[in-house]
Each structure stands twice: as C-alpha cells, then as structure tokens.
Amino acid sequence: MAPRPTPIVERPLSERAFVALNRRSLEAARHPVVCLADDIQTLDRATGSRRRSQDALRQLRRDGRLRHVRRGTYLLVAPTGSADARLLPLIDAVTARPYLITAGRALTELGLSDQHFFRVVVLTSHRLNDWSWQGDDVRYALLAPERIWGANATAGPQVASPERAILDSLANPRWGVSVTQSAEAIDHAVPNHTTPKHLAEAAERYGNAATTRRLGYLLELLHGPAAAEELMPLRGRSHARVLLSPGTPARGPSDPRWGLRINVFPEALLAHRSVG
C-alpha cells in the first residue's frame, strides 16, 4: 500500500505577512522598519489581497510582533520581544529627503554637548506630522528645499554639520538650546570640529544678521577678536540692539561692536570651562 502523501500545511496568514515584511525591510536597507506606503504591495502579494493584508497587520499588532511608531510606520518585533531601533535611523527611514536633524540633538550626536535633548528638530521640505518614540519628540520644521543644507554625511541619518547646528540653535531658541549651551558647543567645536572661517562661510549662507551677531559675540568671547573678524561684514545694517538670549529679560549692557544687548552674564557663558 503506497504511503499517503504528507499534507502541505500552509503558514498562517500573519506568519506569511511577517516573513514578507521582514524580507522587504531588509531589501530596503531599513530593517526593522516597515513603511506601509512602500511595503503594502509586497504584503498584498504575500497575503493575496489588501483586505487580507489589513487582517494580517491587525493580528501582528495584537500578537505584539508589530509595534506602531506613527501612521503608516511600524517596527518588526523579534521573537525575544525586542524592537531595537535607534531614533536617528528611524527618522531616516520615515522622512523623505531633503531633511536635516539639527539644533540640540545634532550637537549631542556631534559630541558638542553632553545634554540629552528630548526635542529632536528635523528640517524638511514636506508637510509631516510630529511624532514621538521612547520619550523623544520628533518635531518637523518646514523649509524650502534650498534652505536645507549642511548635512554632516551623505549617507544614513542626515545630521547637521557643526556650523549648521550652531547657527540653527542661535537662530531658534524655541528649539530648546540655550545661549549658554550654544556657547559650550562653539567652544568644543573650535578648533577640533570646525574653524572660525568655516563658521563665517556658513553664517554668510545662512543669511541671518541677528544670528551672526550672536555668533560673533560668542566667538570673540571664547576665542578672541581675531576669531570673529570674518563675521563683522555680516552683522547687517540695523542699529537696533539684538538680544543675545531671546526670551530672557532685556536687561544688561549694550555691545556696540556686535549690536547686542548682553542679557546673559558672560561668566555664565564661560561656566562650562570650570565644570568637571
């Protein structure tokens, strides 16, 4: 009597979906990130239909094998229960280029600050919704594509160069970097990560006279008048005094050289040199 053929056992729908999403995220070089806008057709082929894909996604989420990050974005969870994804690669996977991670988080990534900035500012030319991941808040700032420049690398997460991160921090105090933290970053950056000349070139491209005045004053305070000399022609023509620290009471002496109201004690701007 001939042996009975071994029946073919089809994998459960959710398992087929999980395998397909793993393969797709690996092919796209963003494992373990799932971006449904890019991955849904691959998933449909594995499940047989869009309705079955949606059923599989719901089951994977119930089983804890798919973790929601933001709308249309998930993380594949390993059998051990871990979903190991660092924030910056995750931003890179879900944010269309051009984009730029700047201000506080960029300063930390570049080794110019030892602070952990929970607000992660990302410059983008697309209208995107903010989102959060493991205690960090990703906040998108909309800019024209030509204004998004100064990445520190061409591949991987697009972190701002030291010059761009410092300029953005000084120009946008609402992004969470204080002027004392900016002063510390400048002190660490020069001369190990950048030069006064490169800072001046970046400031010229940035095109913000108020920001240039703050940068010039801090460079002069930290490294002497010669370090700030190339910033002098970029101060702008306005005779109005710019606050060194916006959001801080407008009290303190005037600095006519830089057209600033020095409303932060210089000792506070140098305090990092005596700590540690």
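## Pairing and the first hairpin

Two strands count as paired if DSSP finds at least two bridges between them. This model is predicted. Strand 2 (residues 66–70) and strand 3 clear that cut-off, with 4 bridges joining them. They run antiparallel. Leu66 stands opposite Leu76 in strand 3.

The hairpin of strand 2 and strand 3 has 2 residues between the strands. In this hairpin, Gly72 takes a positive phi near 80 degrees.

## Strand 3 and its other neighbour

Strand 3 (73–76) also pairs with strand 1. The sense is antiparallel, over 3 bridges. Cys35 has Thr73 of strand 3 as its bridge partner.

In a regular strand the side chains alternate between the two faces of the sheet. Both faces of strand 3 are covered. Thr73 and Leu75 are buried on one side. Tyr74 and Leu76 are buried on the other.

## Helix 2

Helix 2 spans residues 36–47, 12 residues in total. Its end C-alpha atoms are only 14 Å apart. Gly48 follows helix 2, and its phi is positive, near 105 degrees.

Which residues of helix 2 are buried? They are Leu36, Asp39, Ile40, Leu43, Asp44 and Thr47. These residues lie on the same side of helix 2, because they cover an arc of only 155 degrees around the axis. The face turned away from that buried side carries the exposed residues Gln41 and Arg45. What covers the buried residues includes two helices, helix 1 (13–27) and helix 3 (50–62). Strand 1 (33–35) and strand 3 are also among the elements that cover them.

## A second sheet

Strands of a sheet pair through backbone hydrogen bonds, either parallel or antiparallel. Another set of 3 strands forms an open sheet with mixed pairing, in the order 8-10-9. Strand 8 (242–243) and strand 9 (254–255) are the edge strands. Each of these pairs on one side only.

Strand 8 and strand 10 (residues 260–261) run parallel, joined by 2 bridges. Val242 stands opposite Leu260 in strand 10.

## Rings and charges

How many aromatic pairs does the structure hold? The count is 0. Rings do meet charges, however. The charged end of Arg65 sits over the ring of Phe18, 3.9 Å from its centre. Arg147 has its charged end over the ring of Tyr206, 5.7 Å from the ring's centre.

Technical notes:
Residues numbered from 1 in each chain as written. Predicted model: local features only at pLDDT ≥ 70, side-chain atom pairs only at ≥ 80, totals over all residues. Heavy atoms only, no water. Phe/Tyr/Trp six-rings, centres within 6.5 Å; stacked < 30°, edge-to-face > 60°. Lys NZ or Arg CZ within 6 Å of the ring centre and 35° of its normal. Expected span 1.5 Å × (residues − 1). Buried < 20%, exposed > 50% of the residue type's maximum accessible area, 1.4 Å probe, protein only. Arc of directions from axis to C-beta. Contact = heavy atoms within 4.5 Å.
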